[in-house]
Amino acid sequence: MSDSALAGRFPADFCWGAATASYQIEGAASADGRGPSIWDVFARQPGTIVNGDNGDVACDHYHRMGQDVALMSEMGLRAYRFSAAWPRVQPDGRGPANRQGLDFYSRLVDSLLEAGLAPVLTLYHWDLPQALEEAGGWPGRQTALRFADYAELMAEALGDRVKTWSTLNEPWCSAFLGYSSGVHAPGRRDEAAALAAAHHLNLAHGLAAQAIRGVLGPGADVSVTLNPHVVRAASSSQADQEAKRRIEAIGNEVWIGPLLRGAYPEDLLRDTASISDWSFVEAGDLETICQPLTWLGLYYSAVTQVRARTGATPLPTPWVGERDVEFIPPAGAVTDLGWGVDPSGLTDLLTGLAERFPGLDLVVTENGAACADQVDPDGSVHDPDRVAYLRAHLAAVADARTAGAPVIGYFVWSLLDNFEWAYGYGKRFGLLHVDYATQERRWKDSALWYRDFLKGVPGSHG
Ligand code: BGC
C-alpha cells in the first residue's frame, strides 16, 4: 500500500506525535536545583549500564529545548509526549516545588503551544527521587502518597495549558525490572518487594488521577501507559497454554485488573501466593486505583513467545514467581536490540483490548525500533529498517481501526536518539540522530519519511 493510501486510513483528528522521556534526553542532571533520581545513583554503580554511560548530559535537551521544539514543528508533529523529571520539580520528592525546575516544563509547554503542538505530559517515566527510594521506594506505600502530591502540584502549575495528562509510563518496568530482575534502577532483586511495588504504582496512578481531577475538574483528561505483553504459546499443549496464562497474569493482568476492572485476578494471587500474601492491598485501594481513563496508552515493540520450561530458570528474573516458563527467541527479523519484528502483535493488542473494554479509547504512546544507524560522509543517515518498521506498524494500527478498535493516536519512540537505559547510548531509537560529542541533531531518513507521511494525513495543512 502506498504511503498516501496508508495515511488516508486515519481520521483528520488523529493525534500524530513522537515521544521522549526526561532522564533519557534532558541531561543537566544537577542544574537549577534538580535532586538525584534513582537512575543517577544506579548508573554510577559499576556494571549496571553498558559502557558506564549515564544521563548526566544525554541529549542536553534541557539547554536545547527551543531547537528541539523547532525540529518537532518542522517534522509536522501534532503532539509531543514527554515526561517531567520528578526530582527536578521536587528534589527530595516532597514539599514545595523547585521553581526553576518547574519553570523548565512551563517554558517547554509554552514553546509547544506556540509551535502548534499539543503537550502530552507523563508524570513518571522511571526517575524516582532518590530520597524516596531511601525512604522505601515503590515497595512502600508512602511513595504513592508522595506521587499524588507531586501530581497535584503539577496540575496546579501547568493545568491551565496542559490538557492531556498521563500518570505512569509502563509500571511493569518500574516494578519488575527495578525491583525483581534489578536491571533497571534502583536495581533491587526482591520478588516480594516487586509485587508491593506493583500495587503501590497502581495506587499512585489512582491517587494521582484523583489529585489531577481535584485541581482541573472531573472531566480532566487523564491516562496511563501500559506495556502489555502480547503472549503467544509455542503450542496448544496444556503446559504451554499454562505458561502463556501465567505470563499474561503477572505481565498484564496485574495492571489491567485493578486499573480497568477494580480487582486483582484470582489466578495472579494464586500464582504468587508463595511469594506474597498481598496484605499491602488495603481496604479502598482498588476503588482508588480504578479511576475512569480518558484513554489507555500502550507501548508495543514485539510479541513474547513462551513455552513450558524443561531446564532451570535463570535468575534473577522480572517474571515474579515464574519458574516454569521459557521465553523463545524471535525466529525472524530482529532489531538492533534483538527484539523481534511482528506488526500483527500490535493489531492483536489493540483489537483484543477494544473487545474487552468497549468504549475505551486507545493511544499507541510508543512504538519504534533500535537500528545500528551510521552517519554517511555527506551527513545523511539511512535507516530503511526503521522506515519499514514504522510503516508496517502504522498499517497494523490502521488494521486494528478497521476492525473496530478506537485508536486515536500514535507516537513514534523516539524523537531523538537517547540514553537507552541499561544499554546506554549504543542503541539508537531516534527519528533524529544525535551526535553525542557535538549534540548535533541530524535528520535520519525515517524522520524525513515521517515528515512527508504527516504532510499527507487527513487534516494536515501540508
Ligand atoms: C520505554 C522507553 C524505552 C523504550 C525502548 C519503552 O518501554 O518507555 O523509555 O527507551 O521502551 O526500550
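Colleague: What makes Asp110 and Arg161 a salt bridge?

Modeller: In this predicted model, the closest N and O atoms of Asp110 and Arg161 are 2.8 Å apart. The cut-off is 4 Å between a side-chain nitrogen of Lys or Arg and a carboxyl oxygen of Asp or Glu. The pair is within it, so the name applies.

Colleague: Why is this pair said to tie parts of the chain together?

Modeller: Asp110 lies in helix H6, and Arg161 lies in the loop between helix H8 and strand E4. Those parts are 51 residues apart in sequence, so the pair ties them together.

Colleague: Why is Arg161 called buried?

Modeller: Its relative accessible area is 19%. Buried means under 20%, so Arg161 counts as buried.

Colleague: And Asp110, what makes it partly exposed?

Modeller: Asp110 has 32% relative accessibility. Partly exposed runs between the buried limit of 20% and the exposed limit of 50%, so Asp110 belongs there.

Colleague: How do you know that Asp348 and Arg232 form a salt bridge?

Modeller: Their side chains meet at 2.7 Å, N to O. The limit is 4 Å, so the pair qualifies. Asp348 sits in helix H14 and Arg232 in strand E6, so the bridge ties together parts that are 116 residues apart in sequence.

Colleague: Are these two buried or partly exposed?

Modeller: Asp348 is partly exposed, at 39%. Arg232 is partly exposed too, at 25%.

Colleague: What makes Lys444 and Asp417 a link between distant parts?

Modeller: They form a salt bridge, with the closest N and O atoms 2.6 Å apart. Lys444 is in the loop between strand E13 and helix H16. Asp417 is in the loop between strand E11 and strand E12. The two residues are 27 residues apart. Both Lys444 and Asp417 are buried.

Colleague: How many salt bridges does the whole structure hold?

Modeller: The search finds 35. Some link up in a network: Glu242, Arg245, Arg246, Asp267, Asp271 and Glu322.

Colleague: Which residues are around the ligand?

Modeller: Among them are Gln24, His125, Trp126, Glu170, Glu366 and Trp421.

Colleague: How much of the ligand does the protein bury?

Modeller: Taken alone, the ligand exposes 310 Å². The protein buries 95% of that. The space the ligand takes is the largest pocket.

Colleague: What stands out about the backbone at Trp126?

Modeller: Trp126 has a positive phi, about 85 degrees, although it is not a glycine. Trp126 lies in the loop between strand E3 and helix H7. Its relative accessible area is 6%, under the 20% limit, so Trp126 is buried.

Colleague: And Asp32, what is its phi?

Modeller: Phi of Asp32 is near 50 degrees, again a positive value in a residue other than glycine. Asp32 is in the loop between helix H2 and helix H3. At 31% relative accessibility, Asp32 counts as partly exposed.

Colleague: Where are cis peptide bonds found?

Modeller: One runs from Ala185 to Pro186, with omega near 10 degrees. Pro186 is in the loop between helix H9 and helix H10. Another joins Trp413 and Ser414, with omega about 15 degrees. Ser414 lies in the loop between E11 and E12.

Terms used. Residues are numbered from 1 along each chain as its sequence is written. This is a predicted model: local features need pLDDT of at least 70, side-chain atom pairs count only at pLDDT 80 or more; totals for chains, interfaces and linings use all residues. Side-chain values use heavy atoms; hydrogens and water are left out. Helices (H or I, at least four residues) and strands (E, at least two) are DSSP runs, numbered from the N terminus. Buried means under 20% relative accessible area, exposed over 50%, partly exposed in between (1.4 Å probe, protein chains only). A residue is near a molecule or strand if one of its heavy atoms lies within 4 Å of it. Accessible areas come from the Shrake-Rupley method with a 1.4 Å probe; for residues, only the protein chains shown count as cover. On a 1 Å grid over the protein atoms alone, a cavity is a set of points where a 1.4 Å probe fits but cannot get out, and a pocket is an open set with protein on both sides within 12 Å along at least five of seven lines; lining residues have an atom within 4 Å of a point. A molecule sits in a cavity or pocket if more than half of its atoms lie within 2 Å of its grid points.
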